[in-house]
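Student: Could we go through this one together? I'd like to know what sits behind each label.

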Amino acid sequence: MNPVNYLQILQLAAPETIVTLTVLVVLGADVTVLRGKSIAARFNIGALLAILGCASAALLAFMRHIEANLFNGLLVVSPSSDFFKVALLVLTIFTILISTSGKFTDHVGEYLSLILLGTIGLMFLVSTEDLLMVFIALEFASLALYILTAFNKHNEKSAEAALKYFLFGGMSAAFLLFGFSLLYGIAGSTNLREIALGIAGKGFDPLLLVALVTTVIGFGFKVAAVPFHLWAPDAYEGAPTPSAAFIGSGSKVASFYVLAKIFTLGFIGAEGSAAYHNFLSGWTPVIAIVAALSMVLGNLTAIVQSSVKRLLAYSAIAHAGYMLLGILSNTPVSASAMMFYVITYALTTIGAFGVVTVVEEATGSDTIANFRGLSRRAPGLALCLMIFLLSLGGIPPLAGFIAKFFLFSAVVNAGANLGLLWLVILAIAMSAVSFYYYLRVLKAAYVEDAAEAAPAIQVPLLTFLALVLLAFLVILFGVAPGLLTQFL
Amino acid sequence: MLAWTIYITFFGVLVLMLLPRDNARAARIVALLTAIAGCVVAFVGAIQQANPGEVTTIVKVPWIPSIGANYYLAADGISLVLVVLTGLAAVSGILFSWNIEKRTKEFFAFYLALIGGVYGVFLSFDVLLLFVFYELTIIPKYFLIARWGSTRKEYGAMKLALYSFVGSHLVLIGLIAAWVVAKGQLGHASLDLIELSKVAFPVAFQHWVFPLVFVGFAILAGMWPFHTWAPTGHVAAPTAGSMLLAGVVMKLGAYGCLRVAMVMFPEGVREWQWAIAALAVAGIVYGAGVALVQRDFKFVIGYSSVSHMGFVLLGLATLNTIGLDGAVLQMFSHGIIAGLLFGVVGRMVYDRTHTRDFNDLETMQLGKLIPFAGVTFVIAGVASMGLPGFSGFVAEFQVLMGAWSVFPKLTILSGVGILIGVAYTLRAVQKGFYSDAPPKSVDHDHPFEPITIAERFGAVMLIGASLIIGLFPGLLMNWIEPCFNSPLSMFARLLVKGGSQ
């Protein structure tokens with residue numbers, strides 16, 4: 001066995017290291033220099049430091065082009081994983097920007113550093129091909145997310161949401177670990193590529209099926225797919241809105257990246273088939289069922305929500321369903337289409353939550369009724385909201401549309417003889433449904449008038465800047481998707 | 001040059017968004033100037049096009065190479081006709097909504113966004129681009145109706161939006177499936193309409209995918225029994241909104257049927273030809289019949305639109321040159337006439353009397369109070385009935401000629417629709433303007449606001465257009481005919497068998 005070269009690890013994990021240092025700086029600054037300052041000032045300065053750290057880590061990850069594989073896949077650095085780190089860091093920066101106007105906590109340093117810690121977990125998650133490391137990174141990130149959910153101490157719902165999230169998350173971790181242990185038992189390794197070799201040619205034994213199902217369950221919880229979605233609406237609703245944005249964006253990107261990796265690298269030869277009239281047991285039909293359920297249930301349940309955050313939660317469940325299609329069709333094209341979808345979705349979601357944050361701070365609640373007259377009270381904000389929601393609904397020329405087109409065409413293309421078309425038809429039909437509930441929110445904002453002579457809403461500058469930038473990106477990636485697809 | 005219709009219009013939207021909130025006058029002027037500029041560009045560009053029988057590329061640059069999408073704008077004779085129609089409808093719609101006082105700037109911003117999308121659809125020769133513009137029109141439609149409409153506006157708007165969205169999603173399913181099959185045949189991904197029009201999709205595939213795409217588009221063309229959005233949508237919409245809905249938006253659907261569904265899947269059309277014709281005739285007769293018994297003036301026009309669009313679909317189903325010529329001309333003709341009818345009812349009558357109920361209107365003797373409106377409506381009604389001398393006659397005559405050789409029985413049935421059309425138009429003229437019922441009350445003894453110059457301009461413009469095309473149909477036929485006659489055109493495959501009957 002080679003002696004461990006710590007310098008090399010540090011070098012390969014340089015972006016993560018920078019973010020870790022940033023955590024210390026932010027925490028340190030908050031307890032020393034910023035002590036006694038106003039919350040707004042602490043938020044702004046802390047955010048500035050955190051963003052500087054994230055930006056430099058992102059820049060580093062973006063600039064370097066290294067391929068490395070340490071400790072048999074425990075730490076894998078490639079241009080692809082580096083790009084996803086950049087994406088994660090960018091999402092984190094946006095999350096921080098929209099949380100700066102938050103009044104839900106006075107523990108500013110802790111809040112910011114928890115977001116950063118979560119990001120570190122997610123960054124490790126995308127740069128490994130080893131089940132053990134996957135598990136550790138996932139739990140590391142999740143722990144930060146649980147605490148972030150509970151961060152609003154003035155709101156009972158926040159604590160309830162966090163507890164629910166934590167219990168469900170813990171259970172899903174148990175499932176995941178159970179599945180992983182079976183895989184290790186079958187294949188004799190925790191490395192994904194070796195697992196693929198290990199299970200190849202063994203036929204389809206029941207143990208593998210159990211391993212498979214438990215893995216799907218574990219990840220189903222993480223990405224909030226039906227029937228493992230129950231925590232999501234409560235967590236989204238109860239959590240401070242920026243935390244919900246983080247759960248819905250960064251954590252989703254990383255989870256889908258690693259999910260795709262596990263299934264496409266680790267379960268080669270156990271695909272089965274989800275094609276119409278041609279089901280074969282394997283992992284694709286299992287995911288097909290989960291995906292179909294998520295699309296149907298998520299969209300139908302979202303229709304009746306009155307809280308915009310819950311609506312976004314159910315829409316997130318539905319979108320997870322669409323994304324799972326990209327995994328089960330299992331081709332390089334569909335995988336990159338899925339990643340395009342996840343990234344643009346994450347950007348859009350942060351934007352939507354950003355708008356909700358502002359409206360919530362100004363009006364005290366996030367029900368659809370509170371969005372009435374938004375186009376008059378804050379025209380810029382309303383326009384941003386329109387762009388985000390229409391993108392989620394899949395209206396061209398926004399990113400959400402082109403992402404759907406990429407994804408669905410790749411999925412249909414993947415199945416022989418249009419075998420996967422049934423899933424795409426379902427997805428498109430459900431996406432037509434989704435248009436209705438996004439339009440309900442927009443109707444409140446643009447068509448209905450505010451109840452009384454409501455004052456204009458002051459949008460905090462930093463948040464507004466982030467929202468405009470996000471809206472710009474959503475349009476840009478819709479009009480010129482090539483800018484993003486070249487990295488995927 | 002024609003591409004500038006799109007750019008100018010969207011630039012107008014931007015300018016409107018930057019205007020100060022409460023300056024209604026500036027908003028109107030900007031909107032009008034934008035629409036006029038677009039209209040002029042459409043005219044000049046159309047006249048300049050040397051060979052309307054061929055697809056003349058305006059711009060073609062790679063957009064998303066990985067899926068074979070290009071930013072591909074082009075025009076042939078059919079596009080020219082519809083682009084000119086859009087220009088006319090846009091200008092007249094603004095003239096007829098000069099009196100919008102509530103959030104004027106936003107109204108016109110949505111209005112121009114809709115127009116820009118419509119121009120885009122008519123000029124796109126890349127399926128994805130066409131689809132993008134097509135869906136782009138849904139959102140402005142919704143807000144125009146929901147915000148500035150009348151009678152059950154939110155219901156009408158949501159219904160229209162959902163119908164449109166479901167329709168476009170049917171189209172999307174078909175397009176994705178076709179894209180995959182075409183990719184297998186061509187060996188490379190392509191969304192180029194001209195290229196796709198040459199792909200021989202398997203016959204069995206065409207048989208199921210054609211109805212999907214066709215119906216998806218035909219929903220917006222008001223095909224019976226998917227027409228129900230049309231009357232409610234038209235009635236709920238503000239005047240300019242219904243003018244655009246009837247004038248150009250329904251044409252988007254018909255255009256999509258022809259340009260995408262029929263061109264890509266000729267075998268599918270032949271399989272479903274009868275069904276389309278039957279539904280079209282059902283729409284003609286049903287629309288006319290229902291229009292005959294309406295109490296609400298606007299519902300009469302709304303259902304008459306369903307009836308007239310039936311002729312477009314019938315013309316498409318004939319699959320022979322004369323029928324298709326007629327169908328395209330009918331798109332233009334109905335766009336002009338329906339716009340005019342909605343202008344009279346929505347702006348001239350409803351905005352003054354605040355009622356559209358025939359029982360109320362009967363007692364007002366509007367023919368005497370606002371004679372201009374009465375005369376305009378009579379002319380528009382006559383044009384709508386299909387009297388010779390107006391564009392409707394030439395168009396419907398050709399459709400019937402084309403249909404007679406393919407479906408004689410259905411053609412006779414659609415003749416019944418025309419007869420009922422005469423009846424409901426006369427009824428509307430009589431009840432709306434020239435009733436001899438005694439005045440019921442003296443509520444309306446105060447004179448109505450006189451017809452404004454803007455209204456006069458708009459009305460004269462549309463009447464003129466209908467007359468000119470009625471008297472000199474060659475002006476447009478010179479653009480339309482070569483598209484179907486040329487053996488090299490994208491429609492050639494469509495006509496090979498159908499035309500010989």
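Student: What makes strand E2 (residues 69-75) of chain B largely enclosed by the rest of the structure?

Tutor: Six of the seven residues of E2(B) are buried, so the strand is largely enclosed by the rest of the structure. A residue is buried if 20 or more other C-beta atoms, placed from the backbone, lie within 10 Å of its own; 12 or fewer makes it exposed, and in between it is partly exposed. Strands are DSSP runs of E with at least two residues, helices are runs of H or I with at least four, and both are numbered from the N terminus.

Tutor: Some housekeeping: this is a predicted model, where local features need pLDDT of at least 70, side-chain atom pairs count only at pLDDT 80 or more, and totals for chains, interfaces and linings use all residues. Residues are numbered from 1 along each chain as its sequence is written, while chains are lettered from A and ligands numbered from 1 in the order in which they are written.

Student: How do you know that strand E1 (residues 56-64) of chain B and E2(B) pair?

Tutor: Pairing takes at least two DSSP bridges between the strands, and E1(B) and E2(B) have seven, in the antiparallel sense. One of the residues involved is B:Thr57, whose bridge partner in E2(B) is B:Ala74. The hairpin has four residues between the strands, and B:Gly68 there takes a positive phi near 75°.

Student: What makes helix H15 (residues 332-363) of chain A mostly covered?

Tutor: Of the 32 residues in H15(A), 27 are buried. Its C-alpha atoms, first to last, reach 46 Å, close to the 46 Å expected. Just after H15(A), A:Gly364 takes a positive phi of about 95°.

Student: How many residues of chain A are in contact with chain B?

Tutor: 26 residues of chain A contact 25 of chain B, where contact puts the C-beta atoms, placed from the backbone, within 7 Å. H19(A) gives the most to chain A's side, twelve residues.

Student: And how confident is the predictor in the complex?

Tutor: The complex gets an ipTM of 0.88 and a pTM of 0.91.

Definitions and conventions:
Contact = placed C-beta atoms within 7 Å. Expected span 1.5 Å × (residues − 1).
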